[in-house]
Amino acid sequence: MTDEEILAEFRAAHALLEGHFILSSGKRSANYLQCARVLMDPERAGRLARALAQKLPREIRSAIDIVVSPAMGGLIIGHEMGRALGVEAVFVERPEGVFELRRGFELKEGQRVLMVEDVVTTGLSSRQAMDAVRAAGGTVIAEAALVDRSAGEVDMGVPFFPLVSLNFPVYDPEDIPPELAAIEAVKPGSRKMS
């Protein structure tokens, strides 16, 4: 899929939003990709996952034992990536603020993990999820995401393969341009501010 075809999928799902958004990182943006909306259609989610799986080099694809994704945002795309790659998919969640495997999910010592996210901005959630995988005995060999919002700046510590990279401007809360500050800020994501 081309970048324009991928963005067309977001537009068709009304998932490319404009306004004043508080990102899960706390930063602000005039654009927001609501991946939950683009993934609510199973056919579209499957197409995007297959396209993302094709972005992975063959040697990484063949080495993946299991997909792990962080709840909530990574659940659907993680599951669909498991389907596209023919491996199991589990998730980590943070009921007490720190990611952990629950619900009887386990990793075998040294099990090779593909971490899968919906959107990466700063990479904080991904790195925290990777810590949980390592604590459970897994080895993260790569990360894949539908969208890289970092403009290619994020360092995941492992090879990183986004389906599309977008360069929407992102601002610190104290450095918002006046035209953005004039719009009421909303937090459409799944993580509450602390």
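The side chains of S29 and R149 are joined by a polar contact of 2.8 Å; a polar contact is a pair of N or O atoms within 3.5 Å, where within protein one must be able to donate a hydrogen and the other to accept it, and residues adjacent in sequence count only if both atoms are side-chain atoms. This is a predicted model, in which local features need pLDDT of at least 70 and side-chain atom pairs count only at pLDDT 80 or more, while totals for chains, interfaces and linings use all residues. Residues are numbered from 1 along each chain as its sequence is written, and side-chain values use heavy atoms, with hydrogens and water left out.

- S29 is found in strand 2; helices (H or I, at least four residues) and strands (E, at least two) are DSSP runs numbered from the N terminus.
- At 0% relative accessibility S29 counts as buried, where buried means under 20% relative accessible area, exposed over 50% and partly exposed in between (1.4 Å probe, protein chains only).
- The S29 side chain also reaches the backbone oxygen of N31, at 2.9 Å.
- Not counting residues up to four places away in sequence, S29 touches G19, H20, F21, L23, R149, F168, P169 and L180, with contact meaning heavy atoms within 4.5 Å.
- S29 and Y171 are 142 residues apart in sequence, yet their C-alpha atoms are 6.3 Å apart in space.

**Helix 3**

- Helix 3 has 14 residues and spans 20 Å from its first C-alpha to its last, close to the 20 Å expected at 1.5 Å a residue; the expected span is 1.5 Å times one less than the number of residues.
- D41 caps the N-terminal end of helix 3, with a side-chain oxygen 2.8 Å from the backbone nitrogen of E43.
- R44, A45, G46, L48, A49, A51, L52 and A53 are the buried residues of helix 3.
- These buried residues pack against helix 1 (3–12), helix 2 (35–39), helix 4 (58–61), helix 5, strand 7 (139–148) and strand 8 (160–165).
- A51, in helix 3, is buried because its relative accessible area is 13%.
- Leaving aside neighbours within four places in sequence, A51 is in contact with M1 and L163.

**Helix 3 against helix 5**

- The axes of helix 3 (residues 42–55) and helix 5 (residues 75–85) come within 8 Å and cross at roughly 65 degrees; axes are lines fitted to C-alpha atoms, for helices over the stretch in contact, and angles run from 0 to 180 degrees between N-to-C directions.
- The crossing of helix 3 and helix 5 is right-handed, a term for the near helix being turned clockwise from the far one by less than a right angle.
- From helix 3, A45, G46, A49, R50, L52 and A53 meet I76, I77, E80, M81, A84 and L85 of helix 5.
- By class, this contact has nine nonpolar, one polar and two charged residues; Ala, Val, Leu, Ile, Met, Phe, Trp, Tyr, Cys and Pro count as nonpolar, Asp, Glu, Lys and Arg as charged, and the others, Gly among them, as polar.

**Loops and backbone geometry**

- The peptide bond from A71 to M72 is cis, with omega near 5 degrees, and M72 sits in the loop between strand 3 (66–70) and helix 5.
- H14, not a glycine, has a positive phi of about 55 degrees; H14 is exposed at 56% relative accessibility.
- R103, also a residue other than glycine, has phi near 60 degrees and is exposed, with a relative accessible area of 60%.
- Q34, in the loop between strand 2 (28–33) and helix 2, is buried at 17% relative accessible area.
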